[in-house]
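Here's a quick briefing on a strand pairing, the sheet around it and a helix contact. Have the model open while you read.

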Amino acid sequence: MKIKKDFWRDGKALWIQIIAFAVAVMLYSVCCYPIYTSSKARIMRQLYEDIHDMDLEELSEDDEETLGDYQKEKFETVIANENYEQIYTSRSSLKTTHARKYIENKIAQYTEEGTLEQRRMESRHILMFRGKIIQDGHTFYVYLRKDVQSVLEVIEGTRLYLAIVLLLMVGLSYFLEKKSKASTEKKAKQSDYQLLESQREFLANISHELKTPLAVVSSQVEMLEIAGDKIDRSYYYSSIHEELDKMSRMVGELLDFSMLDNQMSSMEMSRVNVSEMIEYLLLRYDAMFRKNEIKVEQEIEKNCFAYGNRMYLERAVNNYLMNAFQHTEQGKRIRITLKKEKKQIRMEVYNDGERIKEEQMEHIWDSFYTTSQKKKPVTSENEVRNIGLGLFVVRKIVNKHKGSCGVQNMENGVLFWLQLPEIRDLGK
């Protein structure tokens, strides 16, 4: 009878989590896009109010600078007089006939309060704002336009991946809950509070592991929005899909994290060009480093080969890079070096920042270990922030490849290193 009650209670809790995550996906799908368009509409109205305060008979340098500042929002801006003659445009050139087309055909919608229109077409979705300003008996017309189709496509494209990630996290949460109960039966002296705290820390570490691909996708989407056609859009779209696929694989790996040793004992080994692997990772994260104004220096020796599994070695290097990124403030520096020395390949990742306390040096490699040394400010002296599974996984992977890793404080920051046996070919 007790078993049936436990089964019902466990199943009920699982369904509550599934429903909660389903609601989260629905809210994301329904609310994300309206919130974005509402935000852009507010900025449009603010721009219109700023234009209203300008002397439109003769725009000053400050006025044109203010209008230029709004171009980061990618608005198409047209200001014309009562004869439909162009006063200002965000485009390089605009004929009077085009300005007349924008205004005359919709003249009834140009009011002093301003009119916002959302136009949804099969292939495009745009916001348009029309306003009329009267100064000293003269009438001026303001036309603002924003193409938001790219944002809609990103939301539609990521909705499925979000649903998959949340569903997998439901299963992982249920698995951890069952594991916690089994551990409670074996260790009667362990308190319920400690079990719940352990589960919370484990889930926090999983969130840390998922932040990397999400941060890359976010930075690349922003680059697409800001740079427009000035960048290789196909490369960024391909890179975004790659990061989303990697995130799905990562969630799958986390489901059997406790079996990491067994997985690596049966992993396929081959000759890995570590130099090319690191250059690939640095290129992939270039947008994220640039966005955060972090200077990256690199000194990569060519043709550094190791015998191992590329997927796991890439994960170890990735964790080092992301650990450095999280502890580096804007305007500071990260330096990556790779070189051969004494039949070893040595990689070093240095970042400017706060040094690690000596008593924490060895513990940072443990799972679930926490420290306050993050680039985000702490709110109290006793507050701690989670390191995650990153460094714990690095040591596991490096040890399985018969290598070594470590950390040391430098004058203005921290240096993490790892060494792997060097090979020239599979016969050596």
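Strands β13 and β14 (residues 413-421) run antiparallel and are joined by six bridges. Strands here are DSSP runs of E with at least two residues, helices are runs of H or I with at least four, and both are numbered from the N terminus. Keep in mind that this is a predicted model, where local features need pLDDT of at least 70, side-chain atom pairs count only at pLDDT 80 or more, and totals for chains, interfaces and linings use all residues. Residues are numbered from 1 along each chain as its sequence is written, and side-chain values use heavy atoms, leaving out hydrogens and water.

**The sheet**
- Across the pairing, N409 sits opposite V414 in β14.
- The open sheet has five strands in the order β7-β9-β10-β14-β13, with mixed pairing (two strands pair if DSSP finds at least two bridges between them).
- β7 (295-300) and β13 (404-409) are the edge strands with a single partner each, so one side of each has no neighbour in the sheet.
- On average, neighbouring strands of this sheet are turned by 15° against each other, direction ignored.

**The helix contact**
- Helix α8 (residues 274-284) and helix α10 (residues 310-326) have axes that come within 10 Å and cross at roughly 50° (axes are lines fitted to C-alpha atoms, for helices over the stretch in contact, with angles from 0 to 180 degrees between N-to-C directions).
- On the α8 side, the contact (heavy atoms within 4.5 Å) includes M277, I278 and L281, while the α10 side includes L313, V317 and L321.
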